[in-house]
Amino acid sequence: MKHIKIRRRYVLIAIGIAVIMLIAVIKPSDRGASYTRYFAALNADLKKEGPGRPVILVDMDRLDRNLALLTSLIKPPLSYRIVVKSLPSVRLVRYIMEKTGTKKFMVFHQPDVSLLAEEFGGDIDILLGKPMPASAVREFYRGFTGRTGFNPAAQVQWLADTPARVNQYRSLAAERNISMKISVEIDVGLHRGGIATMADLDEALDAIAASGGSLVFSGFMGYDVHAGSAPAVFSGRERAIRSAFDETMERYRAFYDHAKKKYPALFTGALTLNSGGSHTYRLFDGTGPVNDISVGSGLVKPSDFDTVLLKDHEEALYVATPVLKKLDGTTIPFLEKLSWLWSAWDPNMQRTYFIYGGEWRAAYCSPSGLQRNSLYGMSTNQAIVNGSARTGIGVDDYIFLRPTQSEGIMREFGDIVLVRGGKIADRWQAFPE
């Protein structure tokens, strides 16, 4: 009996040790840290010169270095096209135009075509990045004034992804007695739409050729973003990406060669043969049919663009928002007597911060260790953020977040705050939402 009690004691001790070890393993560690020097400088200037509300920031020094890298890599016979949805500000677009020497835009939103036509007039070339419903194209022409010298027949390439879309545009052109340039979207492996077979390509080009000039073939658009995400199963990551890219370009070449051989009359002028994107632009060397490369988000590098091919690009885009309230601990309504447990278990809940706004498509990045409070739930008005005492921030300090993408979120704040050397340099109006 005595031996049984001793064995039971040892079992209980072993269980206790195992529980303690398990707690030590799963208990959250303190991830908190104060601002880095970079964000400390931004915080100080925002508190002094900022508008006291959430802002979207673009670091112009970093943008300049990204632009210098891009222009060193995209050289003739390749040309650069600005992806406007990812950089939605007239002044920002103009700045990039001047830095890169391009006058080419890729546009994904019908009202943006009108906006750019009014702002830049007869000095730009617009390629639609997705097919527009015929009603959206009709809406553009209804509101088009022509007062800036912009000529849609020469300066807009509407994207057609199917023979049916080509025929819709053909009917619209006849209805309005206009000429429309048509770029044909081809599926080069992404499988997100576009012409996928030579038979469909023939049907689309037959319709353009038979339009009597109301439709003008302007080239191809083949989006290759999938190549940048190729899985490294039997080789290194960069080799897998290169292999996937080569297959993509072979498919592009097959469409191009087929169309040029069968429809030589459509290939007599200069064509836009578009591809690329931030994820793959560095792979183009000018040896294939592609002559037009689109890049947008990679110039400010939100977190979805932390990829092997963009490792030399610098992140240049942040959300900054002030702390409105600061509380010790984390107190949950109806659970006040148990609330001490949250911070006792997780040191990253030692402080509660109520911020101005919230729930953006972005992750907290400075101070370190901040986290969304999932117990309270979502708030876009006054989100609740927790952190450890080591974050060292108080009321009116700014919390910084890094967006996952630039498109969409840059339009949400009304204006874009530009910073240089850790200080506010200017504010540029964003496109309307």
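Predicted model: local features only at pLDDT ≥ 70, side-chain atom pairs only at ≥ 80, totals over all residues.
Buried means under 20% relative accessible area, exposed means over 50%, and partly exposed is whatever sits in between, with a 1.4 Å probe and protein chains only. At 12% relative accessibility, Gln110 therefore counts as buried. Gln110 is found in helix α5 (residues 110-120), where helices (H or I, at least four residues) and strands (E, at least two) are DSSP runs numbered from the N terminus. Gln110 touches Met132, Ala136, Glu139 and Phe140, leaving aside residues up to four places away in sequence; a contact here is heavy atoms within 4.5 Å.

Residues are numbered from 1 along each chain as its sequence is written, and side-chain values use heavy atoms, with hydrogens and water left out.

Overall, the chain has 11 helices and 17 strands. Of its 433 residues, 49% are buried. Among contacts with a separation of 6 or more, 72% come from residues 24 or more positions apart. The accessible surface comes to about 20,300 Å², and 54% of that belongs to carbon and sulfur atoms; these areas come from the Shrake-Rupley method with a 1.4 Å probe, and for residues only the protein chains shown count as cover.

Next, the barrel. Eight strands close into it in the order β2-β3-β4-β5-β6-β7-β8-β9, with parallel pairing. The twist averages 30 degrees from one strand to the next. For angles like this, axes are lines fitted to C-alpha atoms (for helices, over the stretch in contact), and values run from 0 to 180 degrees between N-to-C directions. Two strands pair if DSSP finds at least two bridges between them; β7 and β8 (residues 272-275) have three, in the parallel sense. Met221 stands opposite Asn274 in β8. Helix α4 (residues 90-100) lies across β2 and β3 (104-107), running at about 170 degrees to β2.

Two of the helices make a handy geometry check. The expected span of a helix is 1.5 Å times one less than its number of residues. An α-helix has 3.6 residues a turn, so residues three or four places apart point the same way.

Helix α3 (residues 60-73) gives an agreeing result: its 14 residues should span 20 Å, and the end C-alpha atoms are 20 Å apart. Met60, Arg62, Leu63, Asp64, Asn66, Leu67, Leu69 and Leu70 are buried in α3. At the start of α3, a side-chain oxygen of Asp59 reaches to within 3.0 Å of the backbone nitrogen of Asp61.

The peptide bond from Pro76 to Pro77 is cis, with omega near 10 degrees, and Pro77 is in the loop between α3 and β2 (79-83). Another cis bond runs from Ser366 to Pro367, with omega near -5 degrees; Pro367 is in the loop between β12 (362-366) and β13 (371-372). Lys301 is not a glycine, yet has a positive phi of about 50 degrees. Lys301 is found in the loop between β9 (292-295) and β10 (317-328), and at 8% relative accessibility it counts as buried. Glu359, also not a glycine, has a positive phi of about 60 degrees. Glu359 lies in the loop between β11 (351-355) and β12, and at 30% relative accessibility it counts as partly exposed.

Finally, strand β16 (residues 415-420) is mostly covered, with five of its six residues buried. β16 pairs with β1 (residues 55-59) in the parallel sense over four bridges, and Leu57 has Val417 of β16 as its bridge partner. β16 also pairs with β17 (residues 423-429), in the antiparallel sense over six bridges, and here Arg420 is partnered by Lys423 in β17. β16 and β17 form a hairpin with two residues between them, and Gly421 in the turn has a positive phi of about 60 degrees.

Terms used:
Polar contact = N/O pair within 3.5 Å; in protein donor to acceptor, adjacent residues only side chain to side chain.
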